[in-house]
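Dear colleague,

I am handing over the structure below, together with an account of what was found in it. Please read the notes alongside the coordinates.

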Amino acid sequence: MHPAADDPHTRTALEGYRAGAVRWLAGGVIAVVLAVLLGAVAVSLAEDRGRPLPLAGMVVVVLVVGGVVAAAAGLGALLRALRWHRALTAVPWQRGLLRIAGPVIVAFEPEGYDEWDPDDEPVRLRLVSTSVWRTRQVQELDGGEVRAAPVGPGRWVLTAEGLPTLYGARAARRPR
């Protein structure tokens, strides 16, 4: 079997995921830089006018907080993309069916899975995406063929033909 990273679709999906991460990181850095520049301009204008600019401080704080959060999210996604790439160079894709078991819980049934065999269980996963649109994209794959690969202890990556990106998931805890 060929490593998952050798697949052209996987390379494209990883590049798309990495590009999104870089956009978040760059956007966060730009927001912080704009906050610093706006703060300097606001202080300069306040000194010239003798009174502070209304809402300038609030805008600076919102830009700094939003920028730091966006930069942290982008950095985390960039590190995740690098970790996924490294893992996907060592493992092949497993084809199978995706079953939706809840809002963010999915079950991956690899090829050869026998639902009538009591010892054969699907891989139960919890999506790690925090965006609604990404979760809905995965939910639309219910009953469809997907590819999945383990990328760490209890961590998986999912994709399907025609999807421009990869979706991360963690092994779901079993109900008690």
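How many Å separate the centres of domain 1 and domain 2, taken over C-alpha atoms? The separation of the two centres is 31 Å, where domain 1 covers 8–89 and domain 2 covers 94–171 of the protein chain, with bounds that come from an automatic or database domain assignment.

Two remarks on the basis of the values come before the rest. This is a predicted model, in which local features need pLDDT of at least 70 and side-chain atom pairs count only at pLDDT 80 or more, while totals for chains, interfaces and linings use all residues. Residues are numbered from 1 along each chain as its sequence is written, and side-chain values use heavy atoms, with hydrogens and water left out.

The contact between the domains takes nine residues from domain 1 and 15 residues from domain 2, contact meaning heavy atoms within 4.5 Å. The area buried between domain 1 and domain 2 is about 930 Å², and carbon and sulfur atoms give 68% of that area; buried area here is the accessible area (1.4 Å probe) that two parts lose on being put together, summed over both.

Helices (H or I, at least four residues) and strands (E, at least two) are DSSP runs, numbered from the N terminus. Helix α1, residues 8–49, has 42 residues and reaches 60 Å from its first C-alpha to its last, which is close to the 62 Å expected at 1.5 Å a residue; the expected span is 1.5 Å times one less than the number of residues.

The buried residues of α1 include H9, T10, Y17, G28 and A42, where buried means under 20% relative accessible area, exposed over 50%, and partly exposed in between (1.4 Å probe, protein chains only). These buried residues of α1 pack against α2 (56–88), α3 (132–139), β4 (145–152) and β5 (155–159). On the side of α2, the buried residues include A56, V60, W84 and L88, and what covers the buried residues of α2 includes α1, β4, β5 and β6 (167–171).

Helix α1 is followed by G50, whose phi is positive, near 85°. Most residues other than glycine have a negative phi. At 65% relative accessibility, L55 counts as exposed.

**Aromatic pairs**

A search of the whole structure finds two aromatic pairs, under the rule that rings of Phe, Tyr and Trp (its six-membered ring) pair if their centres lie within 6.5 Å, with planes under 30 degrees apart counted as stacked, over 60 as edge-to-face and the rest as tilted. Y17 and W84 form a tilted pair, at 4.8 Å centre to centre and with 40° between the planes. Because Y17 lies in helix α1 and W84 in helix α2, this pair ties together parts that are 67 residues apart in sequence. Both Y17 and W84 are buried.

The rings of F108 and W156 have their centres 6.2 Å apart and their planes at 50°, so this pair is tilted. F108 lies in strand β2 (residues 105–110) and W156 in strand β5, so the pair ties together parts that are 48 residues apart in sequence. F108 and W156 are both buried.

**Individual residues**

T159 lies in strand β5 and is buried, with a relative accessible area of 1%. The side chain of T159 makes a polar contact with the side chain of H9 at 3.2 Å, and the side chain of T159 reaches the backbone oxygen of T165 at 3.2 Å; a polar contact is a pair of N or O atoms within 3.5 Å, of which, within protein, one must be able to donate a hydrogen and the other to accept it, and residues adjacent in sequence count only if both atoms are side-chain atoms.

T10, found in helix α1, is buried with a relative accessible area of 0%. Leaving aside its neighbours within four places in sequence, T10 is in contact with A4, A5, L88 and W93.

With kind regards
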